[in-house]
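Reader: I've got a model open on my screen and I'd like to learn how to read its features. Can you walk me through it?

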Amino acid sequence: MSRNRRLILSPPSRVWDLLADGHRYGEWVSGTRQVMAADPQWPEVGARLRVRVGLGPLTLDDTCVVRVCEPGRRLELEAKADPFGAARIAMNLVPWGENTLFLLEWHPLRGPGTRMHGLPVDYLVSIRNGMMLTKLARIAVREQRAAPAGAPAP
């Protein structure tokens, strides 16, 4: 299992707005080449997000299914990328003063990843997820700064 934490200098409502817009995942999820489709009811339980992920010339089509949704607080996804299996991605937003403590957990559910996880793989996933949280934080802070003065977070 890989665990990452990041203090995002933006309120949970603004960070949640980014998670709740499936079409924006390509902006902050590392490795995403294209968001191909997002169910209109995203991020309700059972909604799907189809993305193309890749590194260099290698690409895969991935499907994320919402397994748990507590609006404004918690989102858990099952990411399926055949032939590599599936992983659980749990995102928790904890109010931290006026900011957000973002907690991210990733672990394989089935497929080859269940046999390969451990220190080397979890370390690489942790690096990727750290980069992802850095991107998410930058977007949330940029949008916070761009909001009209005194305007509440959406």
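Predicted model: local features only at pLDDT ≥ 70, side-chain atom pairs only at ≥ 80, totals over all residues.

Reader: Let's start with the rings. How many aromatic pairs are there?

Author: The idea is to look at how far apart two ring centres lie and at the angle between the ring planes. Here the count is two. One is Tyr-25 with Trp-28, a tilted pair with 4.9 Å between centres and 50° between planes. The angle is why we call this pair tilted: stacked needs planes under 30 degrees apart, and edge-to-face needs over 60. Both residues sit in helix H2 (residues 25-28), three residues apart, so about one helical turn separates them.

Reader: And what is the geometry of Tyr-25 and Trp-42?

Author: That pair is edge-to-face, with 5.6 Å from centre to centre and 90° between the planes. It links distant parts of the chain: Tyr-25 belongs to helix H2, while Trp-42 is in the loop between strand S2 (32-38) and strand S3 (48-55), 17 residues apart. Taken together, the ring pairs make a cluster of Tyr-25, Trp-28 and Trp-42.

Reader: Is Trp-28 buried or exposed?

Author: For this you read relative accessible area, where buried means under 20%. Trp-28 is buried, at 1%. Tyr-25 is buried too, at 4%, and so is Trp-42, at 7%.

Reader: On to charges. How many salt bridges does a search of the whole structure find?

Author: You look for a side-chain nitrogen of Lys or Arg within 4 Å of a carboxyl oxygen of Asp or Glu. The search turns up 11. Take Arg-3 and Glu-105, whose side chains meet at 3.5 Å, N to O. Arg-3 is in strand S1 (residues 2-8) and Glu-105 in strand S7 (residues 99-110), so this bridge ties together parts that are 102 residues apart in sequence. Arg-3 is exposed at 53%, whereas Glu-105 is partly exposed at 25%.

Reader: What does the side chain of Ser-2 reach?

Author: The backbone nitrogen of Ser-126, at 3.4 Å. Ser-2 is in strand S1 and is buried, with a relative accessible area of 2%. Setting aside neighbours within four places in sequence, its contacts include Leu-104, Trp-106, Asp-122 and Asn-129.

Reader: And which residues does Val-94 touch?

Author: Not counting residues up to four places away, Val-94 touches Asn-99, Thr-100, Leu-101 and Leu-103. Val-94 lies in strand S6 (residues 86-96) and is partly exposed, at 28%.

Methods:
Residues numbered from 1 in each chain as written. Heavy atoms only, no water. Helix = DSSP H or I, 4+ residues; strand = E, 2+ residues; numbered from the N terminus. Buried < 20%, exposed > 50% of the residue type's maximum accessible area, 1.4 Å probe, protein only. Polar contact = N/O pair within 3.5 Å; in protein donor to acceptor, adjacent residues only side chain to side chain. Contact = heavy atoms within 4.5 Å. Phe/Tyr/Trp six-rings, centres within 6.5 Å; stacked < 30°, edge-to-face > 60°.
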